[in-house]
Amino acid sequence: MSVNQQAHTGPPYGQPQPGYQGYPQPAYGGQSLPGVPPSQYGAYNGPMPGYQQPGPPQGYFPSLGFPSKGSPVSLNSDTSSLAPNFIGPLRAPPTSGAPPPASGASHPSGHLAYSQYEHGDVQNGIPASAAPMQRPPASQPFLPGSAPTPVSQTSTFQQYGSPPASVQQLSNHMAGMTIGSAAASAPPPAGLGYGPPTSVPPVSGSFSATGSGLYTPYSASQGPPPTSVSQGLPLAQPPFPGQTISTQRLPTQVPGFAPPPPSTGVGPSSYPPTTGAPRPPTMPGPPLPGQTVAGPPTSQPNHVSSPPPPSAMSGLHPGPPMSGLHGPPPPTHPPQPGYQMQQNGSFGQVRGPQPNYGGAYPGTPNYGSPPGPPPKRLDPDSIPSPIQVIEDDRSNRGSEPFVTGVRGQVPPLVTTNFLVKDQGNASPRYIRCTSYNIPCTSDMAKQSQVPLAAVIKPLAALPPEETLPYLVDHGESGPVRCNRCKAYMCPFMQFIEGGRRFQCCFCSCVTEVPPHYFQHLDHTGKRVDFYDRPELSLGSYEFLATVDYCKNNKFPSPPAFIFMIDVSYNAVKSGLVRLICEELKSLLDYLPREGNMEESAIRVGFVTYNKVLHFYNVKSSLAQPQMMVVSDVADMFVPLLDGFLVNVNESRTVITSLLDQIPEMFADTRETETVFAPVIQAGLEALKAAECAGKLFIFHTSLPIAEAPGKLKNRDDKKLVNTDKEKTLFQPQTSFYNNLAKDCVAQGCCVDLFLFPNQYLDVATLGVVTYQTGGSIYKYAYFQLETDQDRFLNDLRRDVQKEVGFDAVMRVRTSTGIRATDFFGAFYMSNTTDVEMAGLDCDKTITVEFKHDDKLSEDSGALLQCALLYTSCAGQRRLRIHNLSLNCCTQLADLYRNCETDTLINYLAKYAYRGVLSSPVKTVRDALINQCAQILACYRKNCASPSSAGQLILPECMKLLPVYLNCVLKSDVLQPGPEVTTDDRAYIRQLVTSMDVAETNVFFYPRLLPLTKADVDSDSLPAAIRNSEERLSKGDIYLLENGLNIFVWVGVSVQQGLIQNLFGVSSFSQISSALSTLPVLENPFSKKVRSIVDMLQGQRSRYMKLMIVKQEDKLEMLFRHFLVEDKSLSGGASYVDFLCHMHKEIRQLLS
Ligand SMILES: [Zn+2]
């Protein structure tokens, strides 16, 4: 070992910290619960126990200065020995891919003080600000042409005027292609090298989200999608009975819906016996080839070949699996007259044959079933196309701003580029709902099985054209709130008695208006200062919190960032340590700043570790940094206070010196073992000692097997896949980290984890603290400097710079009749209402589910208020409030007409991904399928006009539910292929849980662009195409992205000129699959493609890994995994097959 390790001799450090008193204050929480005194903050106090005193330090050994002479590092190590070019382009402000500084720069004054908020735009109800703002005054007429909003989440491109890709054309190209079935049905390659170098976080596909991309209108040749194309059958578009509906909301009828082709691949992988029973009319159910049919086709609902799987899923409701993800089991279903579902007696029976279904479905690659005669295929163009739906929404809704003044409005899709004008409801960038029209009764809700959920991103980044929430300062009195439920003042509160009191829109309680807040009402009953006050006229705003909202009644200190670098053998040898140190030297200049502050208030500290920890004193008065080694990792403490957390500018020289020396100091290390929990504990203790919140950036390489608390063992076992024990792979192997996470949350210590594994390192366990503290996790398997450094550095830069709130608590209040019952995301909950996050950044999303607890009324609708209490990056305590009003309905058709499938999928994916922690994966998949079948069956039963049972009729707003659901079902978490590692699955599971709707959309259904169709003379993107091999032409080059990966697929017959222009080589065979970036070549095609890649990178919250895939190359197997409309190697059904399966399920429910 090259670093001094000395015995513990030091005296205990630090004074006893006054115990945290908790939040004795009045008021934060407190949605008055029955029997619970409305002690507001009481609720927030939940975590109290976590605020412990730092244990008495055991001892430390301050070795003054660095190791003695003999040690590997001299204090004045020659920094020139560091290869300066080791790092690519340094910080030069965010490189292409790097997002702009989250705060600061792009938003001159992070928040406008209330005083600046002047009377304005009465017309629109949005006050205009006198302060310099980046967006045009609210009253300014919106110019469609100026819409494009280059912003992280929403896309940057505009006007893609490229020529519509003609599908017809594509299919023509495909004639004679060989990409097709033969290749597709090949069994998975034995040793497909997903491994090392090429390893990719397996992900399942998705659709390009946020889309910015305005694809050109979908090719006319394709015609109006599902609804109009049929295999010669007439298209039925029955209007809702007795209702006038806009054409846009017409149900989609998939005409001539045929049973799954008895084809080759279909067989086993799709839905055999049970479902295999094709629709009687057309195909009297011959079993699919290659299958064992265990019994009569499902058309006999009572055929039960085995009991339904036990549903012990904690996450899922007890009851037969059939009950779906929601609500009580069907048997208790409120009897609806004539509702056929009941006839089966139990849904379990309906799905009796399940076991068979399960047998074939799960990963077993009987995929390559005997190639039979060419399948009689359902025309893929006749089934609902995601591309078409996205295009339609763009053309219909992309040109107008979305004005939030109307209750229950369904916003444009996440793939549409649009601007938002806040006129009283929160922007869809902050909140999206599964439905904007809620059933009035719980019976209706249960009948439909449509989950009622909101996906909330409280600190979402906005495009520059939109205004950040105004900051309202009510001085010492703090925000005005309802006396009973503690809801915050909002546009829906009713002022009465001449303005002296107000009635709460959430609980109806009447509260006195504080004298300082009194204002007269106009003749309509509206306060005359209505437009002057954001909290009266806007959907989103912030309050400056008073000391009552702070821990211990004390305003917080600015947060701190602590960088904790693994310096074990692997980390050093790969060049990672040097890379990180080099990067930090410049990155530290880009710490988040508040508004216009000149420098960041965030202090920084540094730790390195392997089996022991090294703390560094970088106090500005020192000539050189000093290292202190703590080798007693059993009871971690921080050996120094003064000089550990410092201001970057003040200590710059010492910090730079330290970062120069670290790589040298450990250059010869032979230590391979690491600890992990003590590292987090050290960071936690340091923040405790400094009495501040903060974030730990931990760079870690291996399974922590060194003797220490939180030590782990390798328990990876892929044999558990598809067994009842599979869930253990997702669970942490010890509860130690859960307890540690709780302590971290109590302190506001958020943990961001950068992993660089060369083998299993148990992401499921290491990620626990990150997950529960609201942190982010990044994984770079088999990290190689040459290919991975750009990706890592871009991620690191964005992660360090992005806007983040600390020590956050979120509460969602609802109007009477519904309440938040369940939460999904990266956070910790110590009670049933408060979502606590040590850190919450602009990318993190919390999905909240609501249930009825009473009847709702169509007149009053339903209200949500999300209140987030947090500490800003400068240490200011704030409350961010988002309000949203929804409609309520007594007709199911209204529910189905106001749904948003993308949000539904976000919810369902998170629900399923949590379910795998407690239930067999198959049970989770079945529950998903069943719930969606019930949703669609209920629609068919209650909202669609009578028609032949052979017709599949989908609600217009949900016509993509089957295709997207299938993508979730065959994702790596729910149906992994053989190449997917346990860590990959745990990683994906964790990522998805915090994703917003745009991210889940593109993740599950990737965006596929024909690059060779790109117009090099315009800024536009080529029109996206559907994710199916059938759509690929071997003469073209395509790009596929899903938020984590970018693939550039090159067909074998691509013109030599194009290859030369893009790759700089003269033939297909010379293209290197090892490229991780496209060569920079000076020609229009190369520039165009690179600009598309840069544009996509800029839209995503993570820097995507780029891979070159040559047709018929082995990497193509990996690529095919993302062609989500096709059958997957792991047994996932094709879209066509799955749609047939859903159709069958629906028919069973209805019969
Ligand atoms: Zn109230």
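**Exercise 1. Helix α18**

Task: In this predicted model, work out how many residues of α18 are buried, and what span is expected for the helix.

Solution: 
- Start with burial. Of the 17 residues in α18, 14 are buried. The helix is mostly covered.
- Locate the helix. α18 runs over residues 785-801.
- Find the expected span. At 1.5 Å a residue, 24 Å is expected.
- Compare with the model. From first C-alpha to last, α18 reaches 23 Å, close to that value.

**Exercise 2. The zinc site**

Task: Find which residues are the protein donors of the zinc ion, and which geometry the site has.

Solution: 
- List the donors. They are the SG atoms of Cys-482, Cys-485, Cys-504 and Cys-507. Their distances to the zinc ion are 2.2 to 2.3 Å.
- Read the spacing. Along the chain, the donors follow C-x2-C-x18-C-x2-C.
- Cys-485 sits in the loop between β7 (471-472) and β8 (494-496). Cys-507 sits in the loop between β9 (501-503) and β10 (510-512). The two are 22 residues apart, so the pair links distant parts of the chain.- Check the angles. The four donor atoms make angles of 101 to 116°, and the site is tetrahedral.
- The cut-off for buried is under 20% relative accessible area. Cys-485 counts as buried because its relative accessibility is 4%. Cys-507 is buried too, at 14%.

**Exercise 3. Glu-1041**

Task: Decide whether Glu-1041 is buried or exposed, and which side chain its own side chain contacts.

Solution: 
- Glu-1041 lies in strand β27, residues 1037-1041.
- Judge burial. Glu-1041 has 0% relative accessibility, so it counts as buried.
- Find the partner. The Glu-1041 side chain makes a polar contact with the side chain of Arg-1100, at 2.7 Å.

Conventions
Residues are numbered from 1 along each chain as its sequence is written. This is a predicted model: local features need pLDDT of at least 70, side-chain atom pairs count only at pLDDT 80 or more; totals for chains, interfaces and linings use all residues. Side-chain values use heavy atoms; hydrogens and water are left out. Helices (H or I, at least four residues) and strands (E, at least two) are DSSP runs, numbered from the N terminus. Buried means under 20% relative accessible area, exposed over 50%, partly exposed in between (1.4 Å probe, protein chains only). A polar contact is a pair of N or O atoms within 3.5 Å; within protein, one must be able to donate a hydrogen and the other to accept it, and residues adjacent in sequence count only if both atoms are side-chain atoms. The expected span of a helix is 1.5 Å times one less than its number of residues. Donors are N, O and S atoms within 2.8 Å of the metal (3.2 Å for Na, K and Ca); water is not among the atoms, so sites may look incomplete. Four donors count as tetrahedral if all angles lie between 85 and 135 degrees; four count as square planar and six as octahedral if opposite donors are over 155 degrees apart and all others between 65 and 115; anything else is irregular.
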